[in-house]
Structure formats: C-alpha cells, structure tokens
Amino acid sequence: MADALRRRRPASLRRRILRLVTLSTILTFGLATALGYRQALVDVQELMDGQMAETARLLLAQAQHSTNHLTDLPADMASMRGTKARRGELALEFQIFRSGGSVLMRSARAPALPLDGGLGYADVAEGGTDWRSLTLETADGALRVQVAHPARSRDKEALEIASNAALPSALLLPPMLALIYFSVRRGLKPLDDLAADVAFRSPENLAALPAETAPREAQSLVKALNRLLDRLNAALDNERRFTADAAHELRTPLAALKVQAQIALATRDPQQQGHALAQVLVGADRATRLVEQLLRLARLDPIVRLPDPRQLDLAEVARASADEAGSAAAAADKTLRLVVPEKPVAVSGDPDLLGVAVRNLIDNALRYTPPGATVTVSAGLEHGKPLLAVADDGPGVPTEELHCLAERFYRGREASAEGNGLGLAIVHRVAELHGARLEVENVEGGGFAARLLWAQGAEAPD
Amino acid sequence: MRVLVVEDDALLGDGIRAGLKLADYAVDWVRDGEAARLALLDHQYHACVLDLGLPKKDGLAVLKDLRARGDALPVLILTARDTSADKVTGLDAGADDYLTKPFDLAELQARLRALIRRAAGTTTPFCEHAGVVLDPATRRVTRDGQPVAISGREYALLHDLMIHKNRLRTRAQLEESLYAWGEETESNTLEVYIHHLRKKLGADFVSTVRGVGYRVGDDS
C-alpha cells in the first residue's frame with residue numbers, strides 16, 4: 001500500500017535537486033573535516049616528535065654531564081615557575097638508564113616501557129594506554145634516555161585543531177543550505193510559471209504556449225505540448241463542425257416528420273391521412289439511418305488504428321455484402337453482379353467495417369442509378385495489391401464534384417435521390433483505418449466506380 | 001392563392017405541399033434552384049416558400065435573381081440554417097420572412113397569410129365587402145353575420161377577388177391563382193365557381209368585366 005502511494009505521487013524535480021545538492025554539500029563538508037583531522041594528526045605528530053627529540057637530547061646531555069645530580073632533576077623541573085602549563089604542552093614522561101638496563105632515574109608517572117627496545121620512535125602499549133616513545137643514547141652507548149607521551153593527548157590535540165578549522169564551516173552550513181533552497185526555487189521558477197500557464201487555462205484556450213520565454217531545457221517539452229495543442233485544436237474544430245453539421249442535417253427529416261404528422265392530424269380525408277402516416281414512417285426510417293451513420297462515424301473518428309484486425313478474405317466480404325443487398329437491388333429493378341477470384345484475397349482488417357463500407361457503396365450505386373442499371377461488386381488484386389470495388393453503369397458524377405464526394409454531408413448538386421451524404425465519408429474512414437485509399441471516378445463509357453485500393457501487397461493467407 | 005414551394009427534400013416537400021393544400025392554396029412544388037427560377041419566370045404566385053440549400057442553384061441566388069428583376073413576390077425562407085447571421089443574410093437578400101426547420105405547419109400557414117395580406121396592401125386580417133366577411137385564418141365566410149357554406153375552390157377564388165378588392169382580375173390571373181400544375185381543368189370551370197359565389201353572396205357581389213375578367217368592388 002505504501003508502495004502504491006509512493007508510486008502514485010509524482011517525483012518532484014525541485015525536491016530531488018534540493019536533496020542531491022544538500023547531500024553533496026554535507027558530504028563535501030564531512031570529507032573536508034575528515035581530511036583536516038587526518039592532516040592535523042600528521043602535523044601534531046611531527047610537532048610532538050620534534051619536542052620529544054629536543055627534550056630527549058637535553059636530558060641525555062644533562063645525564064652525561066652530571067650523573068650525580070640526576071636524582072634531583074624531576075624535582076627541579078617540577079619546581080620551575082614563570083608560566084602556567086599550557087593546554088597544548090606535552091605531558092612528557094622520561095626514564096634514563098644505562099645500556100645494561102639499570103634505571104638511573106625516571107619521572108614520577110613514567111610508564112614501565114621496556115628498556116631493551118631499539119633506538120628511535122616507537123608506538124607501544126603499556127598499562128592500558130598507547131604511548132609514543134623516543135629512545136636516544138650517547139655516542140659511547142653508555143647512557144640511554146627514553147621520552148614518552150600518551151598517544152591520547154596527541155589525538156586530542158589533532159581533534160582540537162581539526163574542530164577549530166571545521167567549526168566556522170559548520171556554522172555556515174545552515175545559511176548555505178537555506179541559500180541552496182532559495183536558489184533551486186528561483187532557478188526552477190520558469191518551470192513553475194509554465195505549469196501555472198497550463199494549469200490556469202480554460203478548456204477553450206488551446207493557444208500555443210510561449211516557446212520563446214521557456215527555458216532551453218523545457219523547449220522540447222513546450223514544443224511537443226504545442227504540437228499536441230495544435231492537433232487537439234484541429235480535432236476539436238472538426239468535432240464542432242461535425243456536430244453543427246449533424247444537428248443541421250437532422251432538422252430537415254425532423255421538420256418532415258412534424259409536418260406529415262400535423263397533416264395526419266389536420267386532414268379529414270382518410271386517404272390523405274394514410275399517406276401522411278406512411279410518410280411519417282419513411283421519415284422515421286430516414287432519421288434512424290442518419291443517426292446510425294452519424295454514430296458510426298462518431299465511433300470511427302477517434303480510432304487511430306483498428307482495435308482488433310484479423311486475417312480476412314476480401315472476396316468473402318464482397319460476396320456477403322452483395323448477398324445482403326440482393327433484395328434491395330431486386331426491389332429497385334437493378335442487377336447486382338459479383339466478380340471475385342477463386343483464390344482468397346487476404347488482408348488484415350475488420351470484416352464488419354469493410355462490410356459496412358461495401359454496403360454503403362452498393363446503397364449509393366442503387367440510389368443514383370436509373371432502373372435497369374447493373375451494379376458490379378468486385379474484389380481482387382491489382383498489381384499485386386488488394387482491391388475492393390463497386391461500379392455501376394449509371395450517369396456517373398460531374399467531374400468537378402468528384403473530389404467533394406467523400407466530404408461529410410455532401411450530396412451533389414444534381415442529387416435528387418434521398419441520401420444523407422455520409423455514406424462515402426464512412427467508406428473513406430474505413431479505408432483509412434485499413435491502410436487503403438478510396439478512389440472515385442467516372443468509368444469510360446458511362447457509370448461511376450468507387451474503389452478501395454490497399455497500399456500494401458496482399459498478405460499470404462494463413 | 002397560388003404558392004411556389006422550393007424544397008429538395010422529398011418528404012418535407014410532400015408535407016409542405018399537402019399542408020398548404022389543406023389551407024386551399026394551389027401549390028407548385030419544385031426540388032431544385034433551376035426549376036424554381038423557371039417556375040418564377042413562368043407563373044404568377046402569391047407567395048414563395050424557399051429552402052436555401054438546393055441542388056443546381058442556391059436558394060439565395062434564386063431570391064437575388066427574383067429581386068433583381070424587380071419582382072415583389074412575398075418570399076418566406078424555410079431553412080435549417082438558424083444563426084442570426086444566416087437570418088440577416090436571407091432577409092437582406094430580399095426575403096420577407098424567415099422560418100427555421102423544424103417548424104409548425106400552423107405557423108407556416110399564418111406567416112404566409114400575413115405575407116399575402118401585406119403584399120395586397122391590406123391592414124386588417126379580414127377581407128370585408130358589402131356585408132361579406134372572409135377570415136383567412138379560419139377560412140370562414142359570413143354574409144351579414146350568417147355563415148356561408150363554401151367549397152375549397154370557391155373560397156380560394158373569393159379570397160383572391162376580395163384581397164384584390166376594387167381591382168380587375170383577368171381570367172388568366174384567376175386561373176393561375178386557382179390551379180397548380182397538373183390541375184388544369186375545362187375552360188368553363190371558372191364561370192361555374194363565379195356562378196356559385198353569386199348564388200351564395202348575391203348576384204352583384206362579383207361584377208363581370210366582359211371579355212376580360214372579374215372584379216369585387218368598384219372600378220377604381
């Protein structure tokens with residue numbers, strides 16, 4: 001559940017930048033402090049070693065010069081005055097001994113470090129404490145002096161030096177983080193402005209976003225958005241025009257229905273009443289067909305590609321459509337001919353939609369030809385590409401009107417037959433969805449042909 | 001009263017024709033702009049119901065042609081185009097009235113009555129002469145307050161004569177007014193209707209202008 005919640009909340013760019021910059025700053029600061037401490041340790045070590053060497057030499061020289069007074073030395077040193085012991089002053093312990101191992105003298109709290117170790121610096125542990133020691137001997141090797149101080153004091157010193165260096169930076173860290181916060185906010189302001197521009201838009205305002213003022217990083221986003229807005233605008237315009245046209249087209253059949261119904265109510269002549277009522281039915285059928293076609297177009301319009309294409313045989317589509325239209329053709333005293341090859345014409349698509357397209361073409365042919373005309377439905381290959389066609393031997397269409405035929409609600413200037421002007425628009429859309437194009441032309445020798453030509457070659461049948 | 005209906009939709013055109021016939025108009029119905037132009041050239045109408053979106057010639061073009069000829073025929077535009085701009089364009093092109101689809105048959109009839117009345121120059125909705133009152137809204141005729149039974153054709157003839165009160169109506173004008181296409185009848189039917197009217201409204205209600213036509217009212 002927590003996972004789901006986290007997934008649902010979109011990542012904030014600002015928070016992400018803030019987190020990264022803050023973490024980097026703190027990390028850098030920590031690293032600098034650690035490095036400072038390390039360097040301080042080395043420096044303090046060198047300093048202390050130097051002091052130890054100085055002290056050891058002094059002690060050795062003193063011991064060589066006068067072994068007699070050696071016993072008094074610690075007391076003498078302890079009695080010295082003039083300055084208080086400084087914090088950084090070393091708590092040096094020492095012991096002086098002969099090369100044989102007998103201790104001549106030692107400071108009060110000198111650790112019992114082994115006396116037989118080598119000369120020079122050494123780190124040794126004694127009595128639960130780490131010590132840093134330096135052993136020197138006289139040139140004749142008779143006397144040795146060992147000076148030592150606890151490693152703890154050195155570490156403490158180094159830490160103090162490092163802390164002194166780090167403290168000012170540590171104090172600066174909070175204002176620095178605040179600065180980072182405000183900088184990030186300010187830096188991202190153009191994005192916020194852009195977001196606000198989009199957020200406060202009314203749905204009607206689909207004007208392009210100002211690309212010039214957007215930051216360079218957001219340019220591609222703004223451009224993509226503008227392209228989307230453009231397409232949206234065009235789609236909406238189309239929709240509005242279509243809705244207006246559709247409402248407009250519905251008015252005439254509605255007006256006819258109303259007038260015929262009013263006549264049926266007003267007349268006393270039963271024959272006229274019967275005629276008017278029959279006309280009401282015809283009108284209702286026409287309005288129904290118009291609404292069906294409108295719905296079909298409205299459903300096809302938003303589709304970008306066929307939702308569920310499958311392998312089908314165009315010859316089968318042509319045959320089924322011709323069968324369906326058979327009785328309508330016979331009733332209109334027209335001949336319906338089917339021309340299909342024996343081998344299947346395989347394409348991928350939606351057989352129902354293609355059926356609707358062919359039915360629309362057949363309906364048009366039946367509607368715009370005189371009685372006795374022949375309508376030919378055919379499927380096949382042309383130059384290896386699938387083809388579905390409906391042709392008639394009627395009067396054809398005026399050449400200057402051919403290109404407007406697929407426009408919605410276009411009915412033709414000479415049109416006297418009833419139609420809603422949506423048939424070819426639907427065929428056009430179905431063709432588009434199948435990657436085919438709709439070609440309309442007058443046939444030589446009279447007649448009109450509408451053909452769906454596939455752009456791709458026929459697919460091998462399964 | 002003869003009316004030209006220009007409507008390309010078969011169902012609606014049939015309906016308008018039937019509806020106007022119910023009101024005793026003689027109705028000619030054409031289905032494209034070209035046929036409308038020819039009909040308007042060839043015949044005398046009392047009014048025209050004009051659709052705008054027509055095959056062959058747009059309704060507005062038909063109307064502009066008509067007005068360019070100086071024809072004052074009352075024209076009612078009947079269309080699905082319903083925006084203010086459409087109405088302004090239609091009226092400015094010379095239409096006398098504008099009605100949008102769908103519409104009420106009764107309203108169309110009333111508007112036509114008003115158009116015809118105004119075109120005849122009368123102000124009252126009734127036609128009145130010598131104690132005879134004709135009410136176009138109810139198509140009732142009274143003589144001295146008493147209702148007169150009258151047939152459709154008789155009514156149409158009487159309406160024409162009374163709306164053109166004090167003016168001579170020629171035989172040709174009256175025949176044009178009474179009959180739509182395909183309704184041509186024998187040459188003496190007009191005399192038969194005049195005879196009926198005289199019987200019902202008084203022998204001298206309609207005067208004959210010998211060899212020319214008929215008149216209701218005085219020679220002016």
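1. In this predicted model, the buried residues of helix H2 of chain B are covered by elements that include strand E1 (2-6), strand E2 (26-30) and helix H3 (59-68) of chain B. The residues in question, within a helix that spans 33-42, are Gly33(B), Ala35(B), Ala36(B) and Leu40(B). Viewed down the axis of H2(B), these buried residues fall within an arc of 155 degrees, so they line one face of the helix. On the face turned away from that buried side, H2(B) carries the exposed residues Leu38(B), Leu41(B) and Asp42(B).

2. For chain B as a whole, the secondary structure amounts to eight helices and 12 strands, and 43% of its 220 residues count as buried. Where contacts in chain B join residues at least 6 apart in sequence, 60% of them link residues at least 24 apart.

3. An open sheet of chain B is built from three strands in the order E10-E12-E11, with antiparallel pairing. Strand E10 (169-170) and strand E11 (206-209) of chain B stand at the edges with a single partner strand each, so one side of each is left without a neighbour in the sheet. E10(B) and strand E12 (residues 213-216) of chain B run antiparallel and are joined by two bridges; Arg169(B) stands opposite Tyr214(B) in E12(B).

4. Across E10, E11 and E12 of chain B lies helix H6 (residues 152-163) of chain B, which runs at about 70 degrees to E12(B).

5. The largest nonpolar core comprises 72 residues, of which Val3(B), Val6(B), Cys48(B), Val49(B), Leu50(B), Leu76(B) and Leu158(B) touch the most other members. H6(B) contributes the largest share of this core, seven residues. Apart from it lies another core, of 47 residues, with Ala365(A), Tyr368(A), Leu405(A) and Val430(A) among them. In general terms, nonpolar side chains tend to be buried together in soluble globular proteins.

6. Which residues is Leu50(B) in contact with, leaving aside its neighbours within four places in sequence? The contacts of Leu50(B) on that basis are Val6(B), Gly59(B), Val62(B), Leu63(B), Val75(B), Leu76(B), Ile77(B) and Leu78(B). Of these, Val6(B) and Leu76(B) are, like Leu50(B), among the residues that touch the most other members of the largest nonpolar core.

Methods
Residues numbered from 1 in each chain as written. Chains lettered and ligands numbered in written order. Predicted model: local features only at pLDDT ≥ 70, side-chain atom pairs only at ≥ 80, totals over all residues. Buried ≥ 20, exposed ≤ 12 C-beta atoms within 10 Å, placed from the backbone. Helix = DSSP H or I, 4+ residues; strand = E, 2+ residues; numbered from the N terminus. Arc of directions from axis to C-beta. Contact = placed C-beta atoms within 7 Å. Pairing = 2+ DSSP bridges. Axes fitted to C-alpha atoms, helices over the stretch in contact; angles between N-to-C directions. Core = buried A, V, L, I, M, F, W, Y, C linked by C-beta atoms within 7 Å.
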